[in-house]
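Open the model in your viewer and keep the selection tool at hand.

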Amino acid sequence: MEAWPHRIIRAWLSTASTGVIELDADWTGESLPLLAPGDKAFAFEDLSPAAPSRYADEASYYVDDAGRLVFVLDPEEHTWVDFDAMPVFVAGDFNGWQEAVGRPEWRLEAAELNGRRVWRLPRPAAPLLADPPRQFKFVTGDNRWLDLPRDATNLVPDGQGHFNRAIYRHRTGRNLFQFTTTRPLVLNQTYSVVHLRDGQQAPKVRLRLGRFFHEMGSDLPLGARIERGETTFRIFAPRAKHVRLFLCETLAGQEQAFGYELDRREEEGGWRGVWEAHLDRNLHGWFYWYSVSGPPGVFGNFQPGQKVLDPYAQAAVGREGPGIVLDPAWVGRGDRSFATPAWQDLVIAEAHVRDLAAHAPLPLSPAERQGYAGLTQWVRSPDFHLRKLGVNAVELQPLHEFDNRTREEYHWGYMAVNFFAPASAYAADPARATQVKELQELVAAFHAQGIAVVVDVVYNHVGEPAHLLFIDKQYYFELDHTGELANWSGCGNDLRCRSAMARRLICDSLIHLIQVYGVDGFRFDLAELIGVEVLREIEAAVKRVKPDVILIAEPWSFRGHIAAALRPTGFASWNDGYRNFVREYVRGFGAADRLEYFMKGSPWHFAFFPAQTVNYTESHDDRTWIDQITENPEYNGFRPTHNDRQRTHLMAAILFASVGIPLVAAGQDFLRSKHGVNNTYQRGDLNALDYHRIARYPGTHRYFADWIAFRRSPRGQLLRQWSRPSEGFFRAFHGPALASLILVYNADGSQGRQRLLFAVNPTLENVRVEIGAFAALGWQLVADQEAFYTPHERPPGYAVTPDCFIAALGCSLWTAEAD
């Protein structure tokens, strides 16, 4: 059979009554192509060629009537870039990619296009319209590559896990046709278009919903809300045909639940996707869920028989629900009296609720050791481990309702099914919503010990059941042109965080955690999938509620890395480069100049301000530090060697002497081992902290605690920089073989009289490093690779000389007061 020429590759609605059809090649016929509705549900009132420039919205280029290929960049898609101050360039395989940066002939300029401001660059078309297709991207003058939309039809893989745009010589903008329908189309039906020829038709192409659909939203309060003795239920479901509410007073009564049809809630300007039911009684403590029906097809996933947990439910009995109606007077507010530490003063420990409580040396019941109540008792204890370690912030692994099948099943919590309800698996009595009060008490207990609470939040994907999938798959999830779910998270269902009500859901969830539970900040899992623009909106929203909120991004996913793009924002980022380098450096495989960069706070390329880098060497993911660096076979550091311990002390000294925010994994101070197992997300037996190891390795625990105490003390002020210090603040000296380093802090005296000197040698041989006149400042030893010392107990043989001695696998910290 003859292949259809000019195949439709995409069609979409730009409003409810207008749309665009994209062909796979420019149309060169004298008359219009026979494009038509694919079913009888609607009709075209008008069909005409679209302006070639409109193709730039899809492909970021078009060919104008003068025969020039025009590159076009929409600044609204990259709001984090200050286009008036920062130049942007076209870079591709036709101009050397990175080599294009700084070249005037490839710089974009501001212009007007189709009634809006864009950045454009016209170039001769002939060299760019070639086979195979040329590829390009946009890059800023400071070498930040701009993200690409995930659904553009000219994306091509580069073979290295990234995507570029392709310039197709047969698609120049003459391949688009615009249409108007005879009446506005309703969103809860599916539509298609076809290309006709000689009375036959090619396969139907589904008419997708364009940007207007994902910008659809409402400001109405959502969820189950009790006001003045009455209860209102609202849910956003923009393509639903019917939404039904089910209510029961007891869990045993679910089979006899009351059912209510929700109505569309009209707002100013019409309906905006919200369904509502209003009941004239206070339903505090009742259980509820929804069912949602809608259009069929791969973009739908509507299943009326599925119990749907309200995305705004403030408590849930389990992963499948039901949700619990809560009176705000009963919920109350969290502890907001705590003074969150300044970012540069933070020392964070990452921890899991059950890992901390499982073996706590207190008389707790097995049930208490599984959750909030047991951990709260441990936190209140004068012997609480993290308090004695000296950290002033804890980063708790996810606390939202997640998809463990039973209460006893151990889970890290990164498969959330709701963004408001605290994890019921950690509660004493989930059906009575005790998780709400217990989490409030836990946060308050940390605050009473002087420890801020940062919560690990997961908004890039969801667990099972994926309740949002049953509300509107197309609205809430990233899909390809076939309706398949994107999977850059590795979890099978990437959320479309940029949809208007997804953005609102995230912001409302974070504000809820601040106001109801009193948390101090957030760490965003796989933040690259959330996107820089959405993260900036999140930052603005939460800072209106808590100006000193701590915001930390895990700035990568399986798709890419956005740490550089986050530099102009108020987010700090986990520094994976730091982690990887230090692991290698302490084993003698790193260079001193690279260590110098990381200890200075990874300036400019990674962090604009010092506290923007979160420095760490171990987290919940992958092997523990000691398992990763051990000399033992099979990565098993359970019984570390002498060198393993020495290298751990070097790591701790480097970590706490580095500018930035130091983060340790709970148990790292007592050489926590998982026996070499790499992925332990459901291994509570391996993850639970064995506090007996403190007694086994007391010197290492004390070494960590002393470094933390020094860093947080007035004497450690030079390590805690908020803004970039002067150019001469640091003075570095490299030793032989370019491995050893001596770093002097406040070398130019710009921050007072105090000076610090840090020396480190990761090799197995003693070294000497020349430091010249700096040796004459009268240095006093503070610590070496074994311990911290008072002025009266310093070991003999230590001195700072012009050729300063550093022992094998050794380090030292010195202080001096300059005249």
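Predicted model: local features only at pLDDT ≥ 70, side-chain atom pairs only at ≥ 80, totals over all residues.

Residues are numbered from 1 along each chain as its sequence is written, and side-chain values use heavy atoms, with hydrogens and water left out.

**Helix pair**

Select residues 372-380, helix H5, and residues 434-448, helix H7. Helices here are DSSP runs (H or I, at least four residues) and strands likewise (E, at least two), numbered from the N terminus. The axes of H5 and H7 lie 9 Å apart, at an angle of about 15°. That makes the two helices roughly parallel (angles under 35 degrees; axes are lines fitted to C-alpha atoms over the stretch in contact, with angles from 0 to 180 degrees between N-to-C directions).

Now show the side chains. On H5, the contact residues include Leu 375 and Val 379; on H7, Leu 439 and Leu 442 are among them. Contact means heavy atoms within 4.5 Å.

**Hairpin**

Move to strands E34 (730-734) and E35 (741-745), which run antiparallel and are joined by 5 bridges. Pairing requires at least two DSSP bridges. Find Phe 730: Tyr 745 of E35 stands opposite. The hairpin has 6 residues between its strands, and Ala 737 in the turn has a positive phi of about 60°.

**Ser 619**

Finish in the loop between strand E32 (613-616) and helix H13 (625-629), where Ser 619 sits. Is Ser 619 buried or exposed? Ser 619 is buried, at 7% relative accessible area (buried is under 20%, exposed over 50%, partly exposed in between; 1.4 Å probe, protein chains only). Leaving aside residues up to four places away in sequence, Ser 619 touches Glu 350, Trp 574 and Ala 665.

Key:
Parallel < 35°, antiparallel > 145°, perpendicular 65-115°, else oblique.
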